[in-house]
Amino acid sequence: MRKRIKVLVILIFSVVGLFKLIEWRLESKFEAILNSEPDRDYNISYQQIDLHTFFSGITLEEVSIIPLNKSSGTIINANVDFIELDGFKWLNFLFAQQVEINVLEFKKPRFIVNTLSDTGQEKNSSNFQKLFGDILSRIDLMEFKLHKGSIKLLQKDTIHNGNISGINIYASEIETDSVQLSYIIPFYLKNLEASIDSASFSINTYTKAKIGAFAYSLADESFNVKNLSLKYDKDWVDVSKIRGVQDDVIEFDLKELKVSKMKYTSSFWTNLDIEAQQMLIDGLSLKINRNKNLNRPPEKEKPLFNKMVEKIPYNIDLDSIHIKHSSIAYGELAIGRQTPGIITINAINGTVTQLTTFEKRKQKLKEFKSSFTAKLNDAAAIQVDLDVPYYRDYFDFQAHIGPMPFKALNKSLTPILGVEFNDGKLKRLNFKMKTNYFESTNHLEMDFEDLRLSIYEKEIAGSEHKKDFLTSIANVAVRDRNLPDKQGYITANYKTKRNIYRSPFQHIVAGVLDGTKQIVPVKVVQTFMNNDENKRKIKERRKKRRKKKKI
């Protein structure tokens, strides 16, 4: 009996001793084995290591991940509260010096991304691929989790450019011996889910970008962005003055962007390439403003829609883009004026189909199309259709505008032209345009009645400043009605020369205005409309003539 007790005691002490020996070896050698690869990019250190019961797992506390041999470009440092290694295969570690586990989990990691130079910068997604690839390649594992992470973006150590918080990543069935650069975890895997709770970025001292939430799922073949915005801390007129040139000042809010049925091979994480069946744009509010009081930048030829697609900086292939509950507002501050005119296209619902930047897909599809409905200044229903061939400088555009009171245009035209509609109703407007690079062939039908307008002093819109004499002349000079069942009904067939230094959107507007001038005789009225743009062009021509004469 005593012998059995002695044997049992010796066995217990031997087991305890063995466990202590294993524990000592694990604690003393684990960090060295983690950092044993001579070509590694990062070094991993920690303040404390805790072994789970029966060595089933390891917890590393206060972990630091430090880049090696990195003094330029973009550097990532990380501090992690806890790193959990579950399902630890301790026999493999003791006899083969390999770290093999089931699950690796980072709890509350804090990444600092520091861009040290303006040249040679890499995309942050590529830098994180290298970091995760470097760390995970040291371990044989099945799953990787990252919980409640954050990223702080710095430039040259001191300039704080942004924050990303609430980062969660889950990757399963990882094969670390099979590199796959399509994902932020750069290995072959069965599923990848990633999300963030919020992100904010400082583009410059007055421009801020925000993301409310982001979610990506490889299994569901989708990603979703919510509450995306780009805004200014200053009034847009002040922003235009800071820029110092006449260009578009753009702000936007987007409720939701969702891409569904993405292709497995999409290089989304590295290049933001998107190959998918469907994209949803819901609740986009886009504001575009221009200050005409500033000098234009050097003139450059503007492409038509087909070449605009070619200039997209990312590869995209989307069977359909669905746009819902969206709006676009264009504001223009005319020369010498204080109040901008604003035209709003709201309640936009429609689709863009067959949009791609891939050459083989363009050859197959031949063209992309767009069709949508909307409201003009929240008053008139609009139907628009656009067809664009990929291999021709050409587009086919059609628009139908339904009934609306002319007064609905006052907030758009009065601040710019000094013209106010007192009465009248647009019955319908049908416009067709076939455009090549240099000109378009157009057809316009514009039915209206009871047109009455007023001319105002520059800078002021109000009855006490109305030019009564000019208003009387203007109302005589314009047709008060143009109806199919009335005598003298006019439609317009005409050509519009394209200004190659302006966008195709501007050409569409110019085409409508040219047709309006044929249906509503506005040549006389234009003399009284304070068209500052024309005055500026006349002055510039006179200056050029004077210079030539002096020469």
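**Exercise 1. The chain as a whole**

The protein chain exposes about 29,700 Å², of which carbon and sulfur atoms supply 54% (Shrake-Rupley method with a 1.4 Å probe; for residues, only the protein chains shown count as cover). The model is predicted: local features need pLDDT of at least 70, side-chain atom pairs count only at pLDDT 80 or more, and totals for chains, interfaces and linings use all residues. Residues are numbered from 1 along each chain as its sequence is written, and side-chain values use heavy atoms, with hydrogens and water left out.

Task: State how many helices and strands the protein chain has, and what share of its residues is buried.

Solution. 
1. Count helices (DSSP runs of H or I, at least four residues) and strands (runs of E, at least two), numbered from the N terminus. The protein chain has twelve helices and 27 strands.
2. Apply the burial classes: buried is under 20% relative accessible area, exposed is over 50%, and partly exposed lies in between (1.4 Å probe, protein chains only). Of the 551 residues in the protein chain, 44% are buried.
3. Turn to contacts (heavy atoms within 4.5 Å). Among contacts with a separation of 6 or more, 63% join residues 24 or more positions apart.

**Exercise 2. A helix and its surroundings**

Task: Decide whether helix α8 is largely enclosed or open, and name its buried residues.

Solution. 
1. Helix α8 spans residues 410-417, and six of its eight residues are buried, so the helix is largely enclosed by the rest of the structure.
2. The buried residues of α8 are N410, S412, T414, P415, I416 and L417.
3. Just after α8, G418 has a positive phi of about 75 degrees.

**Exercise 3. Salt bridges**

Solution. 
1. A salt bridge is a side-chain nitrogen of Lys or Arg within 4 Å of a carboxyl oxygen of Asp or Glu. The whole structure holds 20 salt bridges.
2. The partners are 56 residues apart, K495 in strand β27 (residues 492-497) and E439 in strand β26 (residues 439-455).

**Exercise 4. Charged patches**

Task: Identify which residues form the negative patch and which form the positive patch on the surface.

Solution. 
1. Patches are made of residues with over 30% relative accessible area and no salt bridge, like charges being joined within 9 Å. Lys and Arg count as positive, Asp and Glu as negative; His and the chain ends are not counted. Each charge is placed at NZ of Lys, CZ of Arg, CG of Asp or CD of Glu.
2. The negative patch consists of D140, E173, E175 and D177. D177 lies in strand β10 (residues 175-179) and is exposed, with a relative accessible area of 71%.
3. The positive patch consists of K226, K255, K258 and K324. K324 lies in strand β19 (residues 316-333) and counts as partly exposed, at 33% relative accessibility.

Definitions and conventions:
Patch = residues over 30% accessible without salt bridge, like charges linked within 9 Å, V, L, I, M, F, W, Y side chains within 5 Å.
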